[in-house]
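Please keep the structure in view while reading.

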Amino acid sequence: MTFLNEMLGAGLATLGYIIPFLFVLTLVIFFHELGHFLVARWTGVKVLAFSLGFGPEIVGFNDRRGTRWRLAAIPLGGYVRFAGDENAASAPDVDALERMTPEERRGSFFFAPLPARAAIVAAGPLANFLLAIVIFAAVFMTVGRPATDALVDQVEPGSAAAEAGVVAGDLVTAINGQKIRSFSDMQRIVSVNAERPLKLTIERGASELSLIATPRQRELTDNFGNKQRVGVLGVTRSTTAANVRYETFGPIEAVVEGAKETWFVVEHTGRYLGRMVIGRESTDQIGGPIRIAKTSGDVATLGFVALINLAAILSVSIGLLNLLPIPMLDGGHLLFYAVEALRGRPLGARAQEMGMRVGLAFVLMLMIFATWNDIVHLSSLG
């Protein structure tokens, strides 16, 4: 009986990770592919298939324009297949293109004008950014954003803040000229500026001071055991119920704040990738499906709002990933189109084929590396 209870508990725990993972990933992928789909329809390109997932079809139907909408067995991605595509990566089917009638060519992606093709490709990542803005805005309008004043309750001895001259009771009002409205605003700026001097504008009693503090990089562990290296000043703020307020916004303000939140994720991710390339950040922060599943399950325990916020962050990350100039990804296609615009004609079929092969190899290596990182990460959690 004990064994059965343990098996049941393990099964329920697994579902606790799988269901939030599928919800988050499916939402993000659906809107990414929907961006491609809608702009393709708008520009007159025929869409043969809209697939959530890869591999064998579980269920599907044909709409009145002949598009096959399908749910596939492997829920780790998706694709939109256009007329003239050889595969899900939108590689051209050269033989099929040569056999096309003039009427068929008018609905083919590869015979569409260059601006139309570029717009279709860029629409996927753009849809991811728009989804994030909408999610953040909806949360800001309905639930609001928790905030506490950037008041320093305690300074860690020997910390960056202590060395800069920060004392308990100081109120941080700006960093590098950027207005600080809450303690979380300050944490965000500090966290992504490890080892970089920051100018702090502080109210101390009736006086205003300017101090220079350089956040130190520190590895922190969250409530779920995940580790992350961030910049810290070494100050704390009491988060009792009396200190926390919820800021809600009207529709226009919420959209503006949602766009700012999305840009923060873009900037944070882009900075990490740039520092990683030059060797100033470790690659162990790169995660794959396993880590996404674990994070989704962990965050789901905090409630739906936390889970939908994770979906927004993941949406931005997937949008950025797809904009990398790597063949097989949307950014690789846009790179080909930029070359085509400069040359006045497309790259040859052989060059595109070689580019796709290199891109496929890179993507596969990235997936293997991310999965290995996930396994090492889980092992470190014990």
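Which residues in helix 4 meet which residues in helix 9? On the helix 4 side they are P125, N128, F129, L131, A132, I135, F136 and V139, and their counterparts in helix 9 are V305, I308, N309, A311, A312, I313, S315, V316, I318, G319, L320 and N322. As with everything that follows, this contact set comes from a predicted model.

**Overall make-up**

The protein contains 11 helices and 12 strands, and 42% of its 382 residues count as buried. Among contacts between residues at least 6 apart in sequence, 62% join residues at least 24 apart.

**The pair formed by helix 4 and helix 9**

Two packed helices are described by the angle between their axes and the distance between the axes. Helix 4 spans residues 114-142 and helix 9 spans residues 304-322; their axes come within 8 Å and cross at roughly 160 degrees. Angles over 145 degrees count as roughly antiparallel, and helix 4 and helix 9 are therefore roughly antiparallel to each other. The crossing in which helix 4 passes helix 9 is left-handed.

Four strands in the order 6-5-7-8 make up an open sheet with antiparallel pairing. Its edges are strand 6 (178-179) and strand 8 (207-213), each of which pairs on one side only. Helix 6, residues 183-191, packs on this sheet and touches strand 5, strand 6 and strand 7 (198-204), and the direction of helix 6 makes about 50 degrees with that of strand 5.

Strand 5 covers residues 171-175 and runs antiparallel to strand 6, to which two bridges join it. Within this pairing, I175 has Q178 in strand 6 as its bridge partner. The loop between strand 5 and strand 6 holds N176, a residue that is not a glycine and yet has a positive phi of about 50 degrees. Most residues other than glycine have a negative phi.

**Salt bridges**

How many salt bridges does a search of the whole structure find? The search finds 14, and three of these pairs are set out below with the distance between nitrogen and oxygen.

| E57 | R70 | 3.3 Å |

Buried means under 20% relative accessible area and exposed means over 50%, so E57, at 34% relative accessibility, counts as partly exposed, whereas R70, with a relative accessible area of 14%, is buried.

Through salt bridges that share partners, R145, R181, D185, E247, E257 and K260 are joined into one network.

**The loop between helix 9 and helix 10**

Two residues of the loop between helix 9 and helix 10 deserve a look. The loop includes M328, with helix 10 covering 330-343, and it also includes I326. M328 is not a glycine, but its phi is positive, at about 95 degrees; with a relative accessible area of 28%, M328 is partly exposed.

Is I326 buried or exposed? At 13% relative accessibility, I326 counts as buried. Leaving aside residues up to four places away in sequence, I326 touches G331, G332, G359 and F362. The C-alpha atoms of I326 and L360 are separated by 8.8 Å, although the two residues are 34 residues apart along the chain.

Conventions:
Residues numbered from 1 in each chain as written. Predicted model: local features only at pLDDT ≥ 70, side-chain atom pairs only at ≥ 80, totals over all residues. Heavy atoms only, no water. Pairing = 2+ DSSP bridges. Contact = heavy atoms within 4.5 Å. Axes fitted to C-alpha atoms, helices over the stretch in contact; angles between N-to-C directions. Salt bridge = Lys/Arg side-chain N within 4 Å of Asp/Glu carboxyl O. Buried < 20%, exposed > 50% of the residue type's maximum accessible area, 1.4 Å probe, protein only. Parallel < 35°, antiparallel > 145°, perpendicular 65-115°, else oblique. Left-handed = near helix turned anticlockwise from the far one by under 90°.
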